[in-house]
Amino acid sequence: MTEAQQPPIEDLARAWAQTANEAFTDLAEHLHSIPDEDWNGSTACTKWTIRDLAGHAVGEAVWFANLARGVTVGEPALPNDLYDSMKTWPRDRIVHALDEAADTIQATIHGDDTGHLGQTVDLGFTRMPLGKATYVSMFEAVFHNWDARAGRQPEAIIPTEWALQLTMQAVEFAPFLSNRKGSAEAPGTYLLQVGDGVGPVTVTAKDGKVVMERGTAGKADVTIHLTADQYVRLLAGRLDLSKESSDLAIEGERARSTGLNRIFQGV
């Protein structure tokens, strides 16, 4: 299924909730498997240890589960200081809360049949309908799952089925993912030929602004062939083209492809 062939938002939200559940649950299992002596080890988020990432991820999962239940069943918002305290929780408590929140996200989104998915919610950085906001929860789940693994497993990838779910709104979320200064430093037209059934995506950087479009738009300065995993990691600042471009099929000036890392510096 490509970005251009999308079902209704209700169906998408349920698919995203299921993927969020899978990714958060898998992360919980991974955290549970890490020996105590490695709990302060590195992750793909260079400033975060495993403990830091775990405290952040459980907070994101619990927060979205509470947000969704606030809309659907009127559950009161949890106190803000709870999220700070999560950063100090012992591993078993984090793993249990992450598992529980993952199940709650899926059950809440799948169980809504009264139109609550269209209700606007506040995500802090923007407002959008709950159904579309479920994509953000999935984004957090999948990427932090990868972050936790990549610090210990350099060859870690995002499973294709999860990556394909992320491609569904990648173009729409481009304004939140791109960096204005980086876009000014790396102007040009970048054609991303994305495999796994996704198709071409054009990134145009001009005057400090980025426009992403499905399909081929204009003459590309450089064309890069990517898997769905590589595509979504690139947009989230998790594919270093200066290190990995030698393994990619690139048409045009190879060195120019790294401009995409200035445009998409990471979230």
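Tutor: Begin with names. Helices of at least four residues and strands of at least two are DSSP runs, numbered from the N terminus. This model is predicted.

Student: How many cavities of 30 Å³ or more does a search of the whole structure find?

Tutor: The search finds 2.

Student: Which element gives the most to the lining of the second largest cavity?

Tutor: That is α5, with 3 residues. Both α5 and α9 give two or more residues to this lining. Among the lining residues are Tyr135, Phe139, Phe143 and Val232. By class, the lining has 9 nonpolar residues, no polar and no charged.

Student: And the lining of the largest cavity, by class?

Tutor: It has 6 nonpolar, 1 polar and 2 charged residues. Glu60, Ser137 and Glu140 are among them. Here too α5 gives the most, with 4 residues.

Student: Now the sheet. What is the strand order?

Tutor: The sheet is open, with 5 strands in the order β5-β4-β3-β6-β7 and mixed pairing. The edge strands, β5 (209–214) and β7 (250–252), each pair on one side only.

Student: Which helix packs on the sheet?

Tutor: Helix α9 (residues 228–235) does, touching β3, β4, β5 and β6. Its direction makes about 120 degrees with that of β6.

Student: In what sense do β4 and β5 pair?

Tutor: In a regular strand, side chains alternate between the two faces of the sheet. Here β4 and β5 pair in the antiparallel sense over 6 bridges. Thr202 stands opposite Glu213, and Val203 opposite Met212.

Note on methods: Residues are numbered from 1 along each chain as its sequence is written. This is a predicted model: local features need pLDDT of at least 70, side-chain atom pairs count only at pLDDT 80 or more; totals for chains, interfaces and linings use all residues. Side-chain values use heavy atoms; hydrogens and water are left out. Two strands pair if DSSP finds at least two bridges between them. Contact means heavy atoms within 4.5 Å. Axes are lines fitted to C-alpha atoms, for helices over the stretch in contact, and angles run from 0 to 180 degrees between N-to-C directions. On a 1 Å grid over the protein atoms alone, a cavity is a set of points where a 1.4 Å probe fits but cannot get out, and a pocket is an open set with protein on both sides within 12 Å along at least five of seven lines; lining residues have an atom within 4 Å of a point. Grid points are joined across faces, edges and corners, and a volume is the space filled by probe spheres set on the points. Ala, Val, Leu, Ile, Met, Phe, Trp, Tyr, Cys and Pro count as nonpolar, Asp, Glu, Lys and Arg as charged, and the others, Gly among them, as polar.
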